[in-house]
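The sequence and the structure come first, and the notes follow by topic.

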Amino acid sequence: MTEENDTIFGKIIRGEVPANKVYEDDDVLAFEDINAAAPTHILVIPKKHIVNLFDAEEEDAELLGKLMLTAKNVAIDQGLEEDGFRLVVNNGAGVGQSVFHIHVHVLGGRNFSWPPG
Ligand code: AMP
């Protein structure tokens, strides 16, 4: 991507920082979260630098849909089809976003409470 994407995920996309990748194609990348919050914790990101949903445009609709379908496929690959999985997208520092490149957390393998904390 461009020099604007100076986030850790930009560096992972460019291969400057290693990651345990579980899926990659021209548009999206999925890799293990370095600080897993559940037995399965995968991050799905677009290769295009979108900061978060506030930064997403109509033209990103197909790419955002692809993130969701990739999350589903990753969850199935991780064996979560029977028990299910949770997706989390933190949008803004105020709700816990710490990396400013949009990402979908795919979480599974344990019980989850509702409402989320
Ligand atoms: P968020 O707080 O929603 O922005 O989530 C950012 C996530 O990125 C956290 O769960 C971190 O553990 C994860 N993370 C940060 N750096 C790395 C890295 N180098 N490789 C994999 N995951 C990372």
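## Salt bridges around Glu-24

Lys-21 is partly exposed in this predicted model, its relative accessibility being 43%. The side chain of Lys-21 meets that of Glu-24 in a salt bridge, with an N to O distance of 3.4 Å. Glu-24 is itself partly exposed, and its relative accessible area is 36%. Side chains of opposite charge can pair when their charged atoms come close.

Glu-24 also forms a salt bridge with Lys-47, where the closest N and O atoms are 2.8 Å apart. This pair links distant parts of the chain. Glu-24 belongs to strand E1 (residues 21-24), whereas Lys-47 sits in the loop between strand E3 (40-46) and helix H2 (61-77), and 23 residues separate the two. Lys-47 has a relative accessible area of 16%, so it counts as buried, the limit being under 20%. Taken together, Lys-21, Glu-24 and Lys-47 are linked in a network of salt bridges.

## The loop between E3 and H2

Another salt bridge joins the side chains of Glu-59 and Lys-48, at 3.3 Å from N to O. Both residues lie in the loop between E3 and H2, so the bridge ties together parts that are eleven residues apart in sequence. Glu-59 is exposed, with 64% relative accessibility, and Lys-48 is partly exposed, with 32%. Over the whole structure, a search finds eight salt bridges.

Leu-53 is found in the loop between E3 and H2 as well. Its relative accessible area is 44%, and Leu-53 is therefore partly exposed. Between the C-alpha atoms of Leu-53 and Val-106 the separation is 17 Å, and along the chain these residues are 53 residues apart.

## Ligand shell

Which residues are closest to the ligand? They are Asp-33, Asn-90, Gly-96, Ser-98 and His-105, out of 16 residues that surround the ligand. By residue class, the shell divides into seven nonpolar, seven polar and two charged residues.

Asp-33 places a polar side-chain atom 2.5 Å from a ligand oxygen. Ser-98 contributes a polar backbone atom, at 2.7 Å from an oxygen atom of the ligand. For Val-99, a polar backbone atom is 3.0 Å from an oxygen atom of the ligand. On its own the ligand has 510 Å² of accessible area, and the protein covers 84% of that. Helix H1 (8-13) and strand E2 (28-32) are the elements that give two or more residues to the shell around the ligand. H1 gives the most, with three residues.

## Ser-98

Where does Ser-98 lie? Ser-98 is in the loop between E4 and E5. At 62% relative accessibility Ser-98 counts as exposed, because the limit for that class is over 50%. In sequence, Ser-98 and Thr-7 are 91 residues apart, and their C-alpha atoms are 9.9 Å apart in space.

## Nonpolar surface patch

Met-68, Phe-85 and Leu-87 form a nonpolar patch on the surface. Their accessible area together is about 250 Å². Leu-87 has its place in strand E4 (residues 86-88). With a relative accessibility of 30%, Leu-87 counts as partly exposed.

## Cis peptide bond

The peptide bond that joins Trp-114 and Pro-115 is cis, with omega at about 0°. Pro-115 is located in the segment after strand E5 (104-108).

Notes
Residues are numbered from 1 along each chain as its sequence is written. This is a predicted model: local features need pLDDT of at least 70, side-chain atom pairs count only at pLDDT 80 or more; totals for chains, interfaces and linings use all residues. Side-chain values use heavy atoms; hydrogens and water are left out. A residue is near a molecule or strand if one of its heavy atoms lies within 4 Å of it. A polar contact is a pair of N or O atoms within 3.5 Å; within protein, one must be able to donate a hydrogen and the other to accept it, and residues adjacent in sequence count only if both atoms are side-chain atoms. Accessible areas come from the Shrake-Rupley method with a 1.4 Å probe; for residues, only the protein chains shown count as cover. Helices (H or I, at least four residues) and strands (E, at least two) are DSSP runs, numbered from the N terminus. Ala, Val, Leu, Ile, Met, Phe, Trp, Tyr, Cys and Pro count as nonpolar, Asp, Glu, Lys and Arg as charged, and the others, Gly among them, as polar. A salt bridge is a side-chain nitrogen of Lys or Arg within 4 Å of a carboxyl oxygen of Asp or Glu. Buried means under 20% relative accessible area, exposed over 50%, partly exposed in between (1.4 Å probe, protein chains only). Patches are made of residues with over 30% relative accessible area and no salt bridge: like charges are joined within 9 Å, nonpolar side chains (Val, Leu, Ile, Met, Phe, Trp, Tyr) within 5 Å.
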